[in-house]
Amino acid sequence: MTIALSHIFKSSTAQAFRGLTNILAKAKAHTEATGTAQEAFLDNRLFPDMHDMKWQVQMITEFAVRGAARMSGVATDDLPNLPMEGDTFDALIARIAECATKVSEADDATIDGNATMLITMPVGPEQTIDLDGQTYVLSFYLPNLLFHVTTTYNLLRAQGVPVGKKDYMGM
């Protein structure tokens, strides 16, 4: 049995976004129950040289939309750029929903047909890496998607938000 690349891309993104939505909703409820300002969670980071929690969500949602565009054959110079917005849990949850819709609208046949397409990815200042579409999805896109969702989960969990694996898994 063969699994289509579009199915892997879209279903993995949808599940990660469900999990991200779950943990943010629980964080919002936790702030309301404890009287904690949302900023205490949204501005938190694991280490001083890392980005804060809201950036993790902002970045991964843009990354997903840009990933869908890349796999749809959009040229690097024409990739969508989303503003790094969302200063509340509600705004971030709305951003996730909007980006999930954009990813779901990508054409499956185009994604599947671009499995061997060459993608040049920036990986640092003045550095790029060339990947075919399948390698991009399996070895670059998915690990990045899960890294930033996991980082968000860990930031919230470390601050006492009662989230668990089922929440993270989008179940």
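Visitor: Which residue takes a positive phi just after helix 3?

Guide: This is a predicted model. Most residues other than glycine have a negative phi. Just after helix 3 it is Gly73 that takes a positive phi, of about 90°.

Visitor: Which residue has a positive phi although it is not a glycine?

Guide: Glu126, at about 60°. Glu126 sits in the loop that joins strand 1 (118-124) to strand 2 (127-132). These two strands make a hairpin with two residues between them, and Glu126 is in the turn.

Visitor: Is Glu126 buried or exposed?

Guide: Its relative accessible area is 85%, and exposed means over 50%, so Glu126 is exposed.

Visitor: How many residues of helix 3 are buried?

Guide: Of its 19 residues, 18 are buried, so helix 3 is largely enclosed by the rest of the structure. Gln56 is found in this helix. Its relative accessibility is 2%, and the limit for buried is under 20%, so Gln56 counts as buried. Neighbours within four places in sequence aside, Gln56 is in contact with His51, His148, Thr151, Thr152 and Leu155.

Visitor: What does Thr31 touch, not counting residues up to four places away in sequence?

Guide: Thr31 touches Thr36, Ala37, Gln38, Phe41 and Phe89. Thr31 lies in helix 1 and is buried, with a relative accessible area of 4%.

Visitor: How many residues does the largest nonpolar core have?

Guide: In soluble globular proteins, nonpolar side chains tend to be buried together. Here the largest nonpolar core has 44 residues, and those with the most contacts inside it are Leu20, Leu24, Met53, Tyr136, Tyr141 and Leu156. At least two residues of this core come from each of helix 1, helix 2 (39-42), helix 3 (53-71), helix 4 (89-104), strand 1 and helix 6 (133-158). Helix 6 supplies the largest share, 10 residues.

Visitor: Which residues does Tyr136 touch, not counting those up to four places away in sequence?

Guide: The list is Phe63, Gly67, Arg70, Met71, Ile119, Met121, Leu131 and Tyr141.

Visitor: How many aromatic pairs does a search of the whole structure find?

Guide: A pair of aromatic rings is described by the distance of the centres and the angle of the planes. The search finds six pairs in the whole structure. For Tyr136 and Tyr141, the ring centres are 6.2 Å apart and the planes stand at 45°, so this pair is tilted. Both tyrosines, Tyr136 and Tyr141, are buried.

Visitor: Which residues form one aromatic cluster?

Guide: Phe9, Phe63, Tyr136, Phe140 and Tyr141 form one cluster. Of these, Tyr136 and Tyr141 are also among the residues with the most contacts inside the largest nonpolar core.

Key. Residues numbered from 1 in each chain as written. Predicted model: local features only at pLDDT ≥ 70, side-chain atom pairs only at ≥ 80, totals over all residues. Heavy atoms only, no water. Helix = DSSP H or I, 4+ residues; strand = E, 2+ residues; numbered from the N terminus. Buried < 20%, exposed > 50% of the residue type's maximum accessible area, 1.4 Å probe, protein only. Core = buried A, V, L, I, M, F, W, Y, C linked by side-chain atoms within 4.5 Å. Contact = heavy atoms within 4.5 Å. Pairing = 2+ DSSP bridges. Phe/Tyr/Trp six-rings, centres within 6.5 Å; stacked < 30°, edge-to-face > 60°.
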